[in-house]
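Have a look at the model first.

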Amino acid sequence: MATLQERKHFREAIMKTLYEATEGNRLLGVTGGKLRDDLQVPDEDLAAACAYLDGEGLITVDWAQGNTPAMVMLTHQGIRLMEAEEEEHD
């Protein structure tokens with residue numbers, strides 16, 4: 001099981017990857033397999049991070065069998081959060 005630091009890192013990486021891949025478009029998503037492969041996150045940690053972010057209202061997840069994220073999309077709230085972070089860094 002991942003440490004707290006690792007879990008936070010996975011969540012941030014998922015949000016950043018989704019935002020960049022979808023260019024902030026709520027109608028687009030990324031497959032769980034692509035997230036797992038791009039981020040090199042173990043399946044159970046990816047599922048836990050997605051469940052957490054979904055619970056916070058930042059993403060929506062279409063789940064496949066075995067608690068595997070099939071498709072992951074940013075919510076309006078998730079996009080606003082990422083835009084605010086982008087503005088802070090500019």
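Helices (H or I, at least four residues) and strands (E, at least two) are DSSP runs, numbered from the N terminus. This is a predicted model, where local features need pLDDT of at least 70, side-chain atom pairs count only at pLDDT 80 or more, and totals for chains, interfaces and linings use all residues. Residues are numbered from 1 along each chain as its sequence is written, and side-chain values use heavy atoms, leaving out hydrogens and water.

Q: Which helix gives the most to the negative patch?
A: The top contributor, with five residues, is α4.

Q: Is E87 buried or exposed?
A: E87 is found in helix α4. Buried means under 20% relative accessible area, exposed over 50%, and partly exposed in between (1.4 Å probe, protein chains only). Because its relative accessibility is 61%, E87 counts as exposed.

Q: What is the N to O distance in the salt bridge of D38 and K34?
A: A salt bridge puts a side-chain nitrogen of Lys or Arg within 4 Å of a carboxyl oxygen of Asp or Glu. D38 and K34 both lie in helix α2 (residues 32-39), four residues apart, about one turn of the helix. Their side chains meet with an N to O distance of 2.8 Å.

Q: Which residues are linked in a network of salt bridges?
A: The side chains of R36 and D37 meet in a salt bridge at 3.3 Å. R36 also forms a salt bridge with D43, at 3.4 Å. The network therefore links, by that salt-bridge cut-off, R36, D37 and D43.
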